[in-house]
Every structure is written in C-alpha cells, then in structure tokens.
Amino acid sequence: MRKAARDNEQAQTIRAAVLRHRGGPLSIETIEMEGPQDDEVLVRIAASGICHTDISYVNEWYDASEGPLILGHEGAGIVERAGKNVKGFRRGDHVVLSYQSCGACGACRSGRPADCRDLYELNFGFRRPGGGNAYLRSGVKGHFFGQSSFATHTLATVRNLVKVKKDLPLELLAPLGCGLQTGAGTVMNSLAVKAGKSIAVFGTGSVGLAAIMAARIVGAAPIVGIDILPKRLKLARELGATHTIDSRREDVATRIRDITGSGVDYSVEGTGNDEMFRLSMELLNPGGTAALLTGASGPGRLPGGRKALSIIQGDAVPQLFIPQLISFYRKGLFPLDRLVKFYDFKQINKAIADSMRGSTIKPVLRISSSLP
Ligand SMILES: [Zn+2]
Ligand SMILES: [Zn+2]
C-alpha cells in the first residue's frame, strides 16, 4: 500500500484547542490528524499542564500569518498505537511527554539532548521531525515540542516519550514534562548544587517551586524564595524555602545580605523582570553561578569568577530525570500535588487567565476524561 494511502486510512478525528488570534481565546475544534508514521507513536492525551511558554505564545509570540496552531507541551497519556520501527512502547503504556530532540547530533549522542543542534526547529518548528504536518487537511499546525498536547490525541516519538508506571494518575504527572523538570533539573543537573550551599530562587511559580523542592532534597541552605505574591511565598516556605522575600515590600539585596552574611552561592532567575535579573547576578558570592531560565541575554563570565548560565529544560534527559522525580514524589520529597489545580479541557482559557493572575500555580487540563 502506498504510504499516503496508508496515512489517510489511519487518519482520525481528534479534538484540539486551536489558537487563531494573538491573545486568544483558544477554541476547541474538531481536527483531522494523520496516523503515526513508522517512527511515531499515537498517544491519547489524558491531561496536559499549561506552561509559561504556551501562554507567551498565545499573548506575545503568535503571528497569525503562521496559520492556526495547536499548542501544549506537558502532555501525559496512554499509547494507542506505535509505528512499526518503534521499540519499547506498546498499546496501553502510560507515558509522560517531554521536549523533542534529534538523537543524532553530537550533543544528543553525548547524552545532552537539551543542547540538541536542532532543538529550536524540533520544538518550535510546528512540523514533524522528518518534515510535514499531520494536521494539514484541517489547515492547522501542531507538533509543538513534538507533542501539541492541547488535544485528545497526538503523535510523539521515542525521543520525547517517557514510560511511567500505571499506579499514579497521569493528570498529576503531566507537568513533569517541562516546567517541573526545568526547575528541579536546574538545581540538580545544571547547577549541581551541593549540600550546605546557599541559593536564591527568583520567582516562586511552578518552575521556582520545583527548584526550591530540589534545593531542599540536595541539602542546600539557606534557600531563599523571592516573589511578589504572599500566597506563593507561603507555599515556598512549606515546600523548602528557609527564608522568603516579598520584593514589593522589602529590599532584596539588604535581606539577602542579612540572611547569608554575604551573597548567595547560586541563584535561579525565572521572573524575566529586569531588576531581578540584575540582582540574580549581583548578589552572587565570588565563584557563584546564576541560572537564567527566561532566555534573557547576558550569560557568560562575570567578575570574581562568577558565572551566568542560560538553562534549557534543566539539562535533563527526560527518560532518566522524570522517573527520578517520580521516585522523589513517592517518598514525599517532591510534593508536586501541592502545585497543581485541575480544569476541564473546555476551561482552557480560564486556566490560562488564572495562571497569568498567579491564582493558580500549575494548571492541568483534564482532556480525554472531560470530553463526552
Ligand atoms: Zn540532537
Ligand atoms: Zn514549558
């Protein structure tokens, strides 16, 4: 059978949240999606987290001339069908979806997929890893981060699938694929924070809170959380921050010097705010390292042997790191359930608004289960 004919035969009707206008709203539409190619896995999405990158795309980055898009990159679901070249996944497996990488470049072969040569194209290119678009017949684009998980079904590859045990709810595990992996990975992998070292975390949203939980696991002290929302600072203290600073009411530099007697050995900057960005580097002890998560410019060498690193996905290999985070969760060390709030799929625009307001830390959409 010719390949095109086979793809048509396996095509299926899915429901997906489609972005057609900058600023939204997203609309849930019926879309035709081709079946899996030989290297792809068809996954029924149970749930998807909403990450800051999705929201930035909706509100700032989207250009309507690109055509309508399906976003979403913190999916979790159940394998429905695997292409014939796929090894290690079969129908019924529970999976968490993470970012895409090529598997063939020097960085991927060295076990550093976050440095993949094709990282941008594979995650933001809105096309299949091998080229093409499985949603062409409906005139929309997907394959965002190799998943586009704001949909009932998606096509992924073994490079961005992580098999997980079936005893934990998929809706709880969904946000591990990007935000929580990034926060925890920054502390454990990128910075490799040592016990007894001081750390300041600028921004206590889901990424910052994951960084704080990871800092507690590795024994960092003191752990200082900085934010402008008292509710989030309270949660930061409950999850491991030894001190918190409300940067609207207190002088961050003075408070950090009071707490540590000097500066901090590590900082994690996730706010994107210019002043916090500057402080995350200025308040470092000599030899200290700042991890910059918002893609702002400025990484490099700073005076006094200080360093600034621009971090992607916490330098995590998802297939190794996500199971590690799940085992921390099982031991009560990484209580990610404290961060999430669940929404039905059709409430996606409310979930985005709540996240922007800060009233919800990590929104998770219940997808398959919330549709008729
Ligand atoms: Zn690569
Ligand atoms: Zn993300």
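Helices and strands here are DSSP runs, at least four residues of H or I for a helix and at least two of E for a strand, numbered from the N terminus. Before I go on, this is a predicted model, where local features need pLDDT of at least 70, side-chain atom pairs count only at pLDDT 80 or more, and totals for chains, interfaces and linings use all residues. Residues are numbered from 1 along each chain as its sequence is written, while chains are lettered from A and ligands numbered from 1 in the order in which they are written.

So, is S369 buried or exposed? S369 is exposed, because it has 12 other C-beta atoms within 10 Å. The cut-offs are 20 or more for buried, 12 or fewer for exposed, and partly exposed in between, with C-beta atoms placed from the backbone. From S369 to E238 you go 131 residues in sequence and 31 Å in space, C-alpha to C-alpha.

Now have a look at helix α6, residues 179-190. In α6, 12 of the 12 residues are buried, so the helix is largely enclosed by the rest of the structure.

What does α6 pack against? One partner is helix α7, residues 206-218: the angle is about 40° and the axes are 7 Å apart. That makes α6 oblique to α7. Axes are lines fitted to C-alpha atoms, for helices over the stretch in contact, and angles run from 0 to 180 degrees between N-to-C directions. Under 35 degrees is roughly parallel, over 145 roughly antiparallel, 65 to 115 roughly perpendicular, and the rest oblique.

On the α6 side, residues including L180, A184 and V187 meet α7 residues, among them L209 and M213. Contact means C-beta atoms, placed from the backbone, within 7 Å. By class, this contact has 12 nonpolar, six polar and no charged residues. Ala, Val, Leu, Ile, Met, Phe, Trp, Tyr, Cys and Pro count as nonpolar, Asp, Glu, Lys and Arg as charged, and the others, Gly among them, as polar.

Then there's helix α11, residues 318-330, whose axis comes within 11 Å of the α6 axis and crosses it at roughly 90°. That makes α6 roughly perpendicular to α11. Here L180, Q181, A184 and G185 of α6 meet P318, F321, I322 and L325 of α11. This contact divides into six nonpolar, two polar and no charged residues.

How values were computed
Contact = placed C-beta atoms within 7 Å.
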